[in-house]
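Please take a moment with the sequence and the model before reading on, and keep both in view while the paragraphs below lead you from one part to the next.

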Amino acid sequence: MLRRIFSLTRLFVRSAFFSGSGQKKRKWTRILLYVILYGYLTVVMGIFAKYLLGVMQDLRQPQAFVTLILLANVMLTLFTTIISSLNVLYFSEDNAALLPMPIRPMEMVAGRLNALLVIEYMEELLLGAVPLGVYAVLTAQPWYFYIVAILVLLVLPIVPVMIAALLIMTLMSTTGKIRNKKAVQAVTTVISLVLAMGAGFLSSSQQSEDMIISLVRPNGLATVLGKYMPTVQLGASSLNRFSIASLLLLILVSVLAYLLMILFSQKLYYKGMVGSLFSSSGVSKKKINEQTAYRSSSVASSYIRKEIRTYFRKPIYLVQLVLPCIIMPIFMAVIFYVSLSNAMKGDGMSVADTMRILYGENDMLPIVFYVCLMVQFFSSMYSFLSCVAISKDGHDAAFMKTIPVPFYKQVIYKAVPDILMTLFIYVLVGVLMAVLFVVPAKVLLCSMAVCIPYAVLHGFIILLDLKNPKLQWNNEMEVVKNNMRTLIPVGIGLGNVLAVGLCGFWLNMSIPVMTAVFAGVYIVLIILLFLYIRKADLKLADHIS
Amino acid sequence: MIEFQNVSKSYKKGSKAVDGLNMTVNNGEIFGFLGPNGAGKSTTIRMLTGILNIDEGKILCDGHDITAEPMAAKRSFGYVPDSPDQFLSMKGIEYLNFVADIYDVADRKEKIRTLTQKFEIFDALNNQIESYSHGMRQKIVICGALLHDPDNWILDEPMTGLDPRSAYDLKEMMRQHADSGKCVFFSTHVLDVAEKICDRVGIIHNGKLLFVGTLQEMRDTFKENTSLEELFLEITEDAQTNI
């Protein structure tokens with residue numbers, strides 16, 4: 001049984017990760033590129049961790065750093081598992097092939113859950129191991145800290161993964177009754193995310209008063225933050241106080257959660273899996289409207305509409321690429337606003353009033369501008385459309401080379417949805433900042449003057465997908481999940497945040513100067529890249545065949 | 001008219017997928033391109049349609065070089081690929097409108113109605129292609145390829161998945177198109193179909209063109225009173241023996 005579980009886990013992990021074109025020649029080049037990208041993100045993450053640890057140490061709350069990192073990993077695991085579990089659990093191509101085989105339900109469920117865990121470990125490597133490593137080095141932790149950290153990071157994702165999987169399984173068990181399984185796929189993810197965000201929202205509104213009080217005590221914040229999730233408290237206790245009891249309890253709770261899930265979720269899982277395999281895709285009996293059906297458009301508008309339809313009509317792309325752009329900025333803004341609002345309750349002032357006083361001081365305006373820009377760039381890290389603009393078409397990509405439309409134009413048309421999505425994020429974040437934090441209009445206008453050209457530049461990430469498109473896939477999930485290219489917007493976003501930080505807090509650039517410099521650099525890059533793709537034209541398509 | 005002038009393509013050193021292909025598909029004929037699996041048929045068609053770069057030689061479509069004048073060459077043909085699973089998230093009518101916009105098709109309403117009613121998929125146009133059966137997907141792709149009334153039809157295994165009625169209609173359309181002085185170039189594994197409708201055939205094996213000509217010329221050269229299937233097997237077996 002264990003051997004079968006291991007084989008299934010390996011199969012599901014391979015299905016979840018993209019297999020690539022199998023060309024050995026480029027394999028090592030790709031691996032090297034990924035190592036470099038991961039290395040770069042590790043460095044950036046390390047710098048952030050060091051900065052955050054410094055802030056915590058200034059507040060006499062260094063141990064809260066550990067708790068915060070563990071909490072962030074758990075919350076991220078919860079959200080990302082909700083998004084990825086639909087495909088790993090239900091919409092993998094191998095489901096129809098595996099069902100007739102003599103595989104015990106327990107083995108199938110264990111294999112699937114293990115695959116989800118492996119996926120989360122990949123993210124934890126960057127967001128958990130790196131910051132804890134920085135903490136360990138900078139605070140001169142003993143050797144056994146590293147061992148405890150590895151154990152904690154291994155077991156910590158188990159409970160949130162089980163919670164997310166259970167949520168999805170419960171909702172998906174209704175698919176047998178629903179005709180349109182694609183709508184179920186998208187709606188299930190949205191419902192799960194809303195439920196998870198709601199829990200986080202409630203929790204933050206209740207705990208923020210405790211948080212303010214805890215700041216008075218050295219390392220008091222660590223205790224309060226741990227209350228958000230019991231396993232976080234146990235993990236933090238294991239690392240901060242080297243509590244063997246906490247570590248053992250954490251391992252016990254996690255293993256119990258895992259075993260209970262495997263033992264009792266089989267029926268729930270199979271109900272949803274069979275239901276999703278055999279429900280119809282919602283065929284409409286409506287005929288076309290003869291008056292409006294035969295509209296002619298320009299090639300550009302027709303092409304861009306086609307691209308946008310693919311992102312919205314394929315549930316995997318909608319959930320993995322579009323929804324995060326909308327949900328994450330709103331979620332972060334609302335959580336932060338509510339926490340701030342609760343913290344200010346005691347003073348009898350609203351967030352807006354406090355912010356207005358802050359903005360009234362002249363020397364604060366540039367800082368507000370820097371923060372606005374940093375938040376804008378940080379939010380655009382979730383815009384991945386260009387990273388997969390070619391790969392998402394799979395075999396259809398060859399169509400681009402057979403039609404009488406210049407290839408460079410098609411590349412631009414394919415980049416437009418990403419540009420629009422990134423612009424949408426900036427406008428959304430701008431509106432949230434204006435409404436919730438009453439950021440002055442001139443600051444927002446200057447930040448948009450920087451963000452608009454950056455949004456256009458962001459679209460050119462498509463060139464990286466063109467360099468090595470992943471066209472051989474069986475499942476859309478292979479395109480988006482564990483596609484290391486989706487780390488590129490993260491890297492670029494973080495790089496921009498760092499650049500703003502350097503230019504603002506270190507070089508003390510004024511608002512007009514920073515606006516002109518950043519916008520100018522982006523515009524020059526746009527022109528150069530446009531000239532490049534126009535000249536290269538069909539050569540860009542060399543890897544599409 | 002389609003001309004292949006000494007066309008070669010290699011995927012790896014020392015091994016040519018297509019080797020020195022010289023062939024002309026004339027206007028007014030249906031040309032069947034035959035060969036076993038891995039012979040180089042798909043590679044040839046992909047070079048013809050611009051999907052693959054040509055290593056050596058030239059391919060001309062109505063006199064336009066696919067490498068030097070890609071836009072003009074691509075306007076002159078309609079291509080049906082071997083896999084009909086294209087643009088599954090689009091509705092049938094959206095796909096046809098999209099193709100009509102690409103090729104700037106005039107009278108699109110009339111053409112869409114005519115083609116889709118002929119293939120009996122008009123009533124399904126408001127559904128996503130993903131909900132279509134394999135045969136319906138094949139039909140919508142054929143409709144898309146023929147929508148702009150190209151002079152040259154390039155069809156890769158077009159009969160796969162078609163019901164008998166639709167297969168018959170497509171063969172009739174191919175015949176009418178060729179009779180009107182235009183050209184049809186199609187690849188198939190179904191030798192019966194090739195035998196019935198092709199004016200000339202070309203047989204490719206291991207990247208080399210073994211024979212090009214009419215069925216009668218093939219019988220005269222190799223064996224009399226035999227079917228295309230028997231001739232094909234003999235030709236390709238001889239070629240295999242000579243390797």
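How much area is buried between chain B and chain A? In this predicted model, the area buried between the two chains is about 3400 Å², and carbon and sulfur atoms give 58% of it. As background, the size of an interface is often given as the accessible area lost when the parts come together. The contact takes 38 residues from chain B and 34 residues from chain A.

Across this interface there are 11 residue pairs in polar contact, with both residues of each pair at pLDDT 80 or more. The elements of chain B that give two or more residues to the side touching chain A are α2 (70–75), β6 (77–80), α3 (92–102) and α4 (108–118). Among these, α3(B) provides the largest share, namely six residues. Sorted by class, the side of chain B that touches chain A has 16 nonpolar, 10 polar and 12 charged residues.

Charged residues can also be followed pair by pair, and the general idea is that side chains of opposite charge can pair when their charged atoms come close. Between chain B and chain A the count is two salt bridges. One of them is formed by A:Arg309 and B:Glu94, whose closest N and O atoms are 3.3 Å apart. On its own chain, A:Arg309 lies in helix α13 (residues 299–313), and at 18% relative accessibility A:Arg309 counts as buried, because the cut-off for that word is under 20%. If its neighbours within four places in sequence are left aside, A:Arg309 is in contact with A:Lys314, B:Met90 and B:Glu94.

Turning to chain A as a whole, you will find 23 helices and zero strands. Of the 545 residues in chain A, buried residues make up 55%. When the contacts in chain A with a separation of 6 or more are considered, 85% of them are between residues 24 or more positions apart.

How many salt bridges does the structure hold over all chains? The number is 21. Within chain A, A:Glu107 forms a salt bridge with A:Arg4, with the closest N and O atoms 2.9 Å apart. Because A:Glu107 lies in helix α5 (residues 105–138) and A:Arg4 in helix α1 (residues 2–16) of chain A, the pair ties together parts that are 103 residues apart in sequence. The two partners can be described separately: A:Glu107 is buried, with a relative accessible area of 0%, whereas A:Arg4 counts as partly exposed at 37%.

At 9% relative accessibility B:Lys9 counts as buried, while B:Asp55 counts as partly exposed at 43%.

Back in chain A, salt bridges that share partners join A:Lys306, A:Glu307, A:Lys392, A:Asp393 and A:Lys414 into one network. One member, A:Asp393, is found in the loop between α16 (364–379) and α17 (399–402) and is buried, with a relative accessible area of 10%. The side chain of A:Asp393 makes a polar contact with the side chain of A:Lys414 (2.4 Å). Leaving aside neighbours within four places in sequence, A:Asp393 is in contact with A:Lys306, A:Glu307, A:Lys414 and A:Trp473.

Finally, consider the cysteines. The count comes to zero disulfides over all chains. A:Cys387 is in no disulfide, and the nearest cysteine sulfur, that of A:Cys325, is 10 Å away. A:Cys387 counts as buried at 1% relative accessibility. For A:Cys451, which is likewise in no disulfide, the nearest cysteine sulfur is that of A:Cys372, 9.1 Å away, and A:Cys451 is buried, with a relative accessible area of 0%.

How values were computed: Residues are numbered from 1 along each chain as its sequence is written. Chains are lettered from A and ligands numbered from 1 in the order in which they are written. This is a predicted model: local features need pLDDT of at least 70, side-chain atom pairs count only at pLDDT 80 or more; totals for chains, interfaces and linings use all residues. Side-chain values use heavy atoms; hydrogens and water are left out. Contact means heavy atoms within 4.5 Å. Buried area is the accessible area (1.4 Å probe) that two parts lose on being put together, summed over both. A salt bridge is a side-chain nitrogen of Lys or Arg within 4 Å of a carboxyl oxygen of Asp or Glu. A polar contact is a pair of N or O atoms within 3.5 Å; within protein, one must be able to donate a hydrogen and the other to accept it, and residues adjacent in sequence count only if both atoms are side-chain atoms. Helices (H or I, at least four residues) and strands (E, at least two) are DSSP runs, numbered from the N terminus. Ala, Val, Leu, Ile, Met, Phe, Trp, Tyr, Cys and Pro count as nonpolar, Asp, Glu, Lys and Arg as charged, and the others, Gly among them, as polar. A disulfide is a pair of cysteine sulfur atoms within 2.5 Å. Buried means under 20% relative accessible area, exposed over 50%, partly exposed in between (1.4 Å probe, protein chains only).
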